[in-house]
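The sequence and the coordinates come next.

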Amino acid sequence: MINIKTISAHCDIPCKIYDPVIIQIASLSVVRLTDLIIDIGSKDDSLSNQNQMTRIIVEKEKQASIVKDETRIIWGDYFKEPQLKSFPETHSLVHSIMLAASKCKQEINRTNAETLVNIVNQFSEIFWTTKSIKIKRVVSPYPPSMEMVLPILEDA
């Protein structure tokens, strides 16, 4: 009898379900959470504010990790020779995302978080282009109201 305690994967089957919107939302969340940390940091040092600060920092760390994890999945499982031949900058772009996400975890700096969003948008644009899907850039409808890349999905 096989005793399997934990199984988690995404995805080495491959499922062919990849979408960079996850990393876009996570990177926008890093900016928003950074803004909240800066705001709370300007307030009094009450226990309530310390608690809120801790919770927001933990979430910022989580969102930056999501950016890294989900980028690695798309890069490792989706991008193959044809995509890399068309976009040879993909490896260095992914490396830049990893470094930017780490920097967002290490520091409280809105410029770093904005850089992460911008690099993730570049990655998203390349992803959709490899699928021959047109994109549009729109401002997110929620804070931090930054630009994000979305596919233009036509009605079937």
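In which helix is T90 found? T90 is found in helix α4.

## Basis of the values

This is a predicted model, in which local features need pLDDT of at least 70 and side-chain atom pairs count only at pLDDT 80 or more, while totals for chains, interfaces and linings use all residues. Residues are numbered from 1 along each chain as its sequence is written, and side-chain values use heavy atoms, with hydrogens and water left out.

## Overall architecture

The chain contains five helices and two strands; helices (H or I, at least four residues) and strands (E, at least two) are DSSP runs, numbered from the N terminus. Read from the N terminus, the order of elements is α-α-α-α-α-β-β. Along the principal axes, the C-alpha atoms fill a box of roughly 55 × 50 × 35 Å.

Of the 156 residues, 37% count as buried, where buried means under 20% relative accessible area, exposed over 50%, and partly exposed in between, with a 1.4 Å probe and protein chains only. The accessible surface is about 9,600 Å², and carbon and sulfur atoms hold 55% of it; these areas come from the Shrake-Rupley method with a 1.4 Å probe, and for residues only the protein chains shown count as cover. A contact means heavy atoms within 4.5 Å. Among contacts in the chain with a separation of 6 or more, 65% join residues 24 or more positions apart.

There are 18 positive and 19 negative side chains, and the centres of the two sets lie 3 Å apart. Lys and Arg count as positive and Asp and Glu as negative, with His and the chain ends not counted. The place of a charge is taken as NZ of Lys, CZ of Arg, CG of Asp or CD of Glu.

## The nonpolar cores

A nonpolar core is a set of buried Ala, Val, Leu, Ile, Met, Phe, Trp, Tyr and Cys residues joined through side-chain atoms within 4.5 Å. The largest one has 32 residues, and the members that touch the most others are V67, I74, F79, I97, L116, F123 and F127. Two or more residues of this core come from each of α1 (21–41), α2 (47–78), α4 (90–106), α5 and β2 (147–151). Helix α5 gives the largest share, nine residues. A second, separate core of five residues includes L33, I37, I40 and I56. In soluble globular proteins, nonpolar side chains tend to be buried together.

V67 touches I23, A26, S27, I97, A101, L116 and V120, not counting residues up to four places away in sequence.

## Helix α5 and F123

Helix α5 has 21 residues and spans 31 Å from its first C-alpha to its last, close to the 30 Å expected at 1.5 Å a residue; the expected span is 1.5 Å times one less than the number of residues. Its buried residues include N112, L116, V120, N121, F123 and F127. The cover over the buried residues of α5 includes α1, α2, α4, β1 (135–139) and β2.

F123 lies in α5, residues 110–130. F123 counts as buried because its relative accessibility is 1%. Beyond its neighbours within four places in sequence, F123 is in contact with I23, T71, I74, W75, F79, T90, L93, V94 and I97. W75 is 48 residues from F123 in sequence, and their C-alpha atoms are 9.5 Å apart.

## Other buried positions

T90 is also buried, with a relative accessible area of 1%. Leaving out residues up to four places away in sequence, T90 touches W75, F79, L84, F123 and I126.

Helix α1 holds A26 and L28. A26 and S65 are 39 residues apart in sequence, with 8.7 Å between their C-alpha atoms. L28 is buried at 3%. With neighbours within four places in sequence left aside, L28 is in contact with V117, S140, Y142, P144, M146 and M148.

Apart from its neighbours within four places in sequence, N49 is in contact with I40, K43 and D44.
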